[in-house]
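Hello,

Here is the structure we talked about. Please open it first, then read the notes below.

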Amino acid sequence: MKLSVFYTPELTPETTLADCAIAVDVLRATSTIVTALSSGAEAVQVFSDLDKLLKVSEDWSSAKRIRAGERGGSKVEGFDFGNSPLDCTPERVGGKRLFISTTNGTRALQCVQTAPTVLAAALINREAVVQHLLQHQPETVWIVGSGWEGSFSLEDTVCAGAIAHQLQTKLGCSLEELAENDEVVGAIALYQQWQDNLLDLMHHASHGKRLLRLGCDEDLKYCSQTDVLDVLPMQREPGVLINSKSLVPIG
Ligand code: MLT
């Protein structure tokens, strides 16, 4: 297995693709997607464009859909949710489809959506992602961070490092054998430095500070937990993610 990390969608190659692409937006889109699926949402459908989200979700009865829209960390007026994973309780999302558009996270998913396997990862479901990679052994794996409007983000990079570190440990291989680009080494080093203080790291992150200014302290605490949900969001059709852990094997 050869692993590459790209810090932002803008840094992700456009002309080639990996066998398995993993989009990461710890604060907060992929944490929200994982939580919604854990709470029994039927699926999560992602959009970069708010108007397109409204149009497509019109075909669903209001009892079967939740519309989530976030820009700049805040809820978009007229939407049911912003982008807080803590809104995604079983009572509110169970059995419904979550239609979601966020500033950066949904763009990361869209930039890799033609890969044969597309997953969404956050710290909260890190182990489920690692287990999938160990079981399926794709030849090439990309982890794509969302960043913030084209810039590097600490929270997505530390999550990439958390996945890479665990993968290397479980595979029992050297860094040289696993890492396809320098970003993998940088991400692992960041994770090793901060693994016991992930909440502190979120407080240093520019988007973490933005969310704290908006009063989202509880979201930071929630999103900085590691391995708490056994959920694996996997793309079933372009832009539509389901929990592959809830699929019953045939036969
Ligand atoms: C994003 O997509 O940029 C983030 O998820 C923003 C947020 O924290 O809501």
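A cavity here is a set of grid points, on a 1 Å grid over the protein atoms alone, where a 1.4 Å probe fits but cannot get out. By that rule, the second largest cavity has a volume of about 30 Å³. One caution before the rest: this is a predicted model.

**Second largest cavity**

Eight names to select in your viewer: Val46, Leu109, Gln110, Gln113, Gln235, Gly239, Val240 and Leu241 line this second largest cavity. Two elements each give two or more residues to that lining: helix H4 (105–111) and strand S10 (240–243). By class, the lining has four nonpolar and four polar residues, and no charged ones.

**Largest cavity and ligand**

The structure holds two cavities of 30 Å³ or more. The largest cavity has a volume of about 50 Å³. Where does the ligand sit? The ligand is in the largest cavity.

The lining of the largest cavity consists of Asp25, Leu27, Arg28, Glu70, Asn83, Thr102, Asn104, Trp148 and His207. Sorted by class, that is two nonpolar, four polar and three charged residues.

Now the shell around the ligand. There are 13 residues in it, and Asn83, Thr102, Asn104, Gly105 and His207 come nearest. The shell splits into four nonpolar, six polar and three charged residues.

- His207: a polar side-chain atom lies 2.6 Å from an oxygen atom of the ligand.
- Asn104: an N or O atom of the side chain is 2.7 Å from a ligand oxygen atom.
- Glu70: a polar side-chain atom is 3.5 Å from an oxygen atom of the ligand.

How much of the ligand's accessible area does the protein cover? On its own, the ligand has 270 Å² of accessible area, and the protein covers 100% of it.

**Largest pocket**

There is also an open site. The largest pocket holds about 250 Å³ of space. Its lining counts 13 residues. Nearest the centre of the pocket are His132, Gln135, His136, Met234 and Ser244. Which element gives the largest share of this lining? Helix H5 (residues 126–136) does, with five residues. By class, the pocket lining has six nonpolar residues, six polar ones and one charged.

**Backbone points**

Two places in the backbone deserve a check. Most residues other than glycine have a negative phi, and most peptide bonds are trans.

The peptide bond between Leu27 and Arg28 is cis, with omega at about -5 degrees. Both Leu27 and Arg28 are among the residues that line the largest cavity. Arg28 lies in the loop between strand S2 (20–24) and helix H1 (29–38).

Glu149 is not a glycine, yet has a positive phi of about 45 degrees. Glu149 is found in the loop between strand S8 (140–145) and helix H6 (154–171).

**To sum up**

The ligand sits in the largest cavity. The largest pocket draws five lining residues from helix H5. The backbone has a cis bond at Leu27 and Arg28, and Glu149 has a positive phi.

Best wishes

Conventions:
Residues numbered from 1 in each chain as written. Predicted model: local features only at pLDDT ≥ 70, side-chain atom pairs only at ≥ 80, totals over all residues. Heavy atoms only, no water. Near = heavy atom within 4 Å. Polar contact = N/O pair within 3.5 Å; in protein donor to acceptor, adjacent residues only side chain to side chain. Areas by Shrake-Rupley, 256 points an atom, 1.4 Å probe, with all protein chains shown as cover. 1 Å grid on protein atoms, 1.4 Å probe; cavity = no way out; pocket = protein on both sides within 12 Å on 5 of 7 lines; lining within 4 Å. Sits in = over half its atoms within 2 Å of the grid points. Nonpolar A, V, L, I, M, F, W, Y, C, P; charged D, E, K, R; others polar. Points joined across faces, edges and corners; volume = space filled by probe spheres on them. Helix = DSSP H or I, 4+ residues; strand = E, 2+ residues; numbered from the N terminus.
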